[in-house]
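Biologist: Could you walk me through this protein model, one question at a time?

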Amino acid sequence: MGRPLKIAKAQAVLTITDTAATGSIVTVSGGNLTTTPTVGITKGMSFVAATTVGGITANTIYYVNSILSNTTFDVSETQLSVQPQVIPTLTDETGQSVSVSFNVVDAYFNNPTAGAGFPATNANTYSVVGGNTAIIGNQVLAQVAIGINGTGTLYTPIAVNTSNVVAGVGTDLANLTTGAAIQVAVANINGSTDFVNLGFASATKGNVTVAVANTTVTGNVIGTSGNAQTLALNMPIKFDANFGGLTINTTYFVKTIANAAAFTVSTDQGGASVQLTANASVTGNAIMNRVVLTANANVIVGNAAFIFANDEAGFIVRQKGKQKYLVTGSTSGLTAQCFTANLANTALTPNTMRILATYANSATQTVQSLSDHTGELFTATSGPIATGNIVFQNAAPIFATFNTAAVANADNGQPYELVTIASA
């Protein structure tokens, strides 16, 4: 794998809300400061603000002179051991929201502003850094899809590619995000299970409720005053009342749908119709919890565990392997291992991720592996994903930068393409 990706770290990333001229005082929020210094902010610690506020200049190193309260400290322009000490002149500002990073390390490839108080380096250093994108400076921006265990189990149609309706038992599919990628557990030859791609959730999801009007023993017909044709064949349903020999909250399966006013059920998927016990009027409902996929279900499962994922912007916490990274989702806050995949953001499946590279001609391509300085890009024949010990030898080698991309042999004699890595 070579040298792993350097990861930017900070003691804390808080928010400057107010500054005061008298005493050069800064007020921060965003941490649990009920007991100083709960978030680890101590006297003498360095900090850098993302944008200029109240006399604090963006991308310039300052120091905590002393901690005044659970939310305030005063500021020094120089390290506290340096004499004479320089105290900056601040201005009175309130109601601000400026990100500020404390005790930042390993974040200084491609400084935000060359020479603005940072260690002296070339602003065009051809290297990249991972880490929390909230930390000052540029960090690799990844799109991640972190798998979440679904509640309950799923049933698909009993024939492949015949329907895009999937229903569950003990599920709450209304809570799936539109576009969520779903995988289901399928038995493998080793006696365990693999999670395989089922499809992506459309905006149509949640309970379908059909009012029941009566039961007829002949033909075991359940009559409805609602529209039975909104139900899906061979999918699980439950009833919210006891009637005709059927039991409340027991899982049945839609056997047939004769028309909008009549259907039958079975106790097993694809099984025989349940024998009803009475001709009677009924007050109750049939309820099916389902999600409509964006395409027909491509696998057959019954009573299967499932996981789902939503693609979101994220950041790299640690490199675990050539194509495996520990990542955190910026929206969900979830952290998990993900593999790089040659997929569009909206096509990411659970526990995959995408890092985007841009060529000098503005064309884009997905990153297969990335270190501090070099990497590889998926090629057309690399396949959608590589896991475990699989390495595609035909991946395109590159040098990585947050700066301007360049063609091979056109910049400092580099033999490979110099590509811009997406950053935040």
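Modeller: Happy to; here is some background, followed by your questions.

Modeller: This is a predicted model, in which local features need pLDDT of at least 70, side-chain atom pairs count only at pLDDT 80 or more, and totals for chains, interfaces and linings use all residues. Residues are numbered from 1 along each chain as its sequence is written, and side-chain values use heavy atoms, with hydrogens and water left out.

Biologist: Which strands make up the closed barrel?

Modeller: Strands here are DSSP runs (E, at least two residues), numbered from the N terminus. Two of them pair if DSSP finds at least two bridges between them. With antiparallel pairing, the closed barrel of six strands runs S2-S3-S6-S5-S4-S7.

Biologist: Which residue is the bridge partner of Val-26 in S6?

Modeller: Strand S3 covers residues 25-29 and pairs with S6 in the antiparallel sense over three bridges. On the S5 side, four antiparallel bridges join residues 62-67 to S6, and Ile-67 stands opposite Phe-73. The partner of Val-26 in S6 is also Phe-73.

Biologist: How many residues of strand S6 are buried?

Modeller: Buried means under 20% relative accessible area, exposed over 50%, and partly exposed in between (1.4 Å probe, protein chains only). Strand S6 spans residues 72-76 and is mostly covered. The number of buried residues is five of five.

Biologist: Why does Ser-369 count as buried?

Modeller: Ser-369 is found in strand S25, residues 364-370. Contact means heavy atoms within 4.5 Å, and, not counting residues up to four places away in sequence, Ser-369 touches Lys-322, Gln-323, Tyr-325, Gly-375 and Glu-376. Ser-369 counts as buried because its relative accessibility is 6%.
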